[in-house]
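Please open the model in a viewer and keep the selection panel at hand.

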Amino acid sequence: MKKTDVPQHKSSLNNVTKELCYAVDETGSYTKNLSTGWDIKASALNVAWKDIENRIAHAKEKVLKGEASPVLFYMELKLMDFSILSSYTGFFKWTIKRHLKPTVFNKLSHKKLKLYADAFDINMDELKDIRFNGEDTK
Amino acid sequence: MKVDFKHIQAAHCENGVTTNLLKHIGVDQITEPLAFGIGSGLFYVYLPFLKINNGPAIAFRTMPGLIFKRTCKALDIPVVRKTFSSKENAKKFLDAMIFKHQPVGCQVGVYHLSYFPKQYRFHFNAHNIIVYGKENESYLVSDPVMENVTCLTEYELERVRFAKGALAPKGQIYFPKENTVVTDMQISKAIRSGINRNVRDMIRIPGPIAGVSGIKYTGNKIKKWRTKLGLETAKLYLAQLVRMQEEIGTGGGGFRFIYAAFLQEAYRYIPNGQLLEISTLFTQSGDMWRNSAVQAAGIYKGRLSEQNDFDIMADYLFEIAELEKKAFTELSKIKW
């Protein structure tokens with residue numbers, strides 16, 4: 001990449017930092033340059049977030065319909081998967097899968113619920129009823 | 001309590017931590033490209049059975065932690081490295097180091113890293129920062145990918161040091177043990193061994209998924225993504241590939257430009273014209289990676305959607321694989 005080609009596009013890092021990249025000057029020597037962003041990668045990040053938003057919306061719908069427990073919604077909201085959630089809570093992955101059933105979830109002890117609430121960084125009311133959580137609409 | 005410490009921005013976090021910590025102990029020659037090259041940082045791997053954020057697991061760099069480890073080893077610098085099972089002990093140890101004016105590298109998770117914008121905060125646990133002081137119950141932090149230094153509260157730092165999931169940091173702290181002077185001879189020797197190891201990792205590594213063969217393997221996969229996964233998921237996969245390659249922390253072009261810069265710097269220690277020629281091959285490769293990203297963006301933005309567009313994307317990767325194979329073969333033939 002030539003120094004003059006270092007992209008200076010908008011990105012969500014704009015108010016935070018510029019990023020350093022290496023590019024060649026007129027003589028072909030590498031120099032350090034700052035870039036504000038590149039639209040190609042900004043749109044790649046947008047694609048990833050669109051997918052996350054879809055997943056959250058889909059999970060929300062399932063929970064409100066009573067087809068899944070709030071664990072599914074918060075797992076998507078906090079960008080987790082079964083293995084990450086398992087490592088935060090200490091539950092096995094298959095246990096978490098079982099807890100996705102509302103009937104099983106509703107019978108969980110306070111202690112177990114607390115583990116989920118801590119992992120998701122929310123309070124117990126939010127965990128029991130996702131309507132108390134407004135984070136996804138922010 | 002503040003250590004006299006100089007923050008220098010880097011393209012990649014572990015390079016930056018390595019460079020800044022080594023400079024601090026008196027290794028004046030060290031730069032980011034040198035640390036990356038001596039640590040044999042360039043790599044490629046596609047792990048077909050693993051998924052990250054619901055997309056393919058692809059890396060353009062070597063395993064986290066190795067760049068610091070290898071660079072220090074190659075320069076005969078002893079290292080202190082510690083992980084903790086208890087948060088209290090982790091904090092006590094960190095505070096003790098800062099009290100001794102010792103800046104330390106910390107492995108952290110990005111998800112709770114408060115100074116990053118939300119869009120960048122995924123559950124990625126192999127980020128590296130330097131903690132170099134403490135003022136008013138806040139830790140002074142030098143994050144190499146940021147232009148300026150920043151800070152984290154005790155709680156915030158504890159949280160990122162004890163993030164969970166894959167590659168959990170477990171409070172890991174590391175730093176060079178003592179002040180050292182490194183000679184130019186040692187640097188030349190380290191450069192040679194770094195290059196040789198990178199040759200091994202890229203063209204001699206067995207199996208189809210890593211090194212230059214891994215790039216080809218990914219190309220073959222991409223050809224099948226549209227029919228196998230459906231267009232929407234295929235778009236997600238391509239976007240993920242581009243992010244691993246171009247996002248903050250890579251210096252662009254999947255680290256290839258940093259490597260090209262490394263070969264130019266290597267020439268100052270080992271005046272062999274071939275290093276400069278091979279450096280231009282890596283510049284070309286980085287440029288081709290970026291062109292492939294533009295093609296991929298055409299697909300994930302919805303402008304391109306035919307099988308032929310995926311085939312073109314795959315052809316870019318085949319071409320890159322050939323070019324990098326050539327570059328590393330030539331590196332392997334250099335008579336030192």
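This is a predicted model: local features need pLDDT of at least 70, side-chain atom pairs count only at pLDDT 80 or more; totals for chains, interfaces and linings use all residues.

Residues are numbered from 1 along each chain as its sequence is written, and chains are lettered from A and ligands numbered from 1 in the order in which they are written.

**Stop 1: chain A as a whole**

Select chain A. Its C-alpha atoms occupy a box of roughly 70 × 25 × 20 Å along the principal axes. The radius of gyration of chain A is 21 Å, whereas a compact globule of 138 residues would have one near 14 Å (taken over C-alpha atoms; the globule rule is 2.2 Å times the number of residues to the power 0.38). Colouring by secondary structure shows seven helices and two strands, in the order β-β-α-α-α-α-α-α-α along the sequence. Here helices (H or I, at least four residues) and strands (E, at least two) are DSSP runs, numbered from the N terminus.

**Stop 2: the two domains of chain A**

Select residues 3–37 of chain A as domain 1, then 48–137 as domain 2; such bounds come from an automatic or database domain assignment. The centres of these two domains of chain A, taken over C-alpha atoms, are 40 Å apart.

**Stop 3: where chain A meets chain B**

Which numbers of residues are in contact between chain A and chain B? In chain A there are 30, and they are in contact with 41 residues of chain B; contact requires C-beta atoms, placed from the backbone, within 7 Å. On the chain A side, strand 1 (19–24), helix 1 (39–64) and helix 3 (82–89) each supply at least two residues. Helix 1 of chain A gives the largest share, nine residues.

**Stop 4: helix 3 of chain B**

Select residues 66–74 of chain B. The buried residues of this helix are B:Ile67, B:Phe68, B:Arg70, B:Thr71, B:Cys72 and B:Ala74 (buried: 20 or more other C-beta atoms, placed from the backbone, within 10 Å of a residue's own). They pack against several elements of chain B, including helix 1 (13–24), strand 4 (104–108) and helix 6 (184–204). After helix 3 of chain B comes B:Asp76, with a positive phi near 55 degrees.

**Stop 5: helix 8 of chain B**

Finally, select residues 231–246 of chain B. Of the 16 residues of helix 8 of chain B, 13 are buried, and the helix is mostly covered.

Methods: Two residues are in contact if their C-beta atoms, placed from the backbone, lie within 7 Å. A residue is buried if 20 or more other C-beta atoms lie within 10 Å of its own, exposed if 12 or fewer, and partly exposed in between; C-beta atoms are placed from the backbone.
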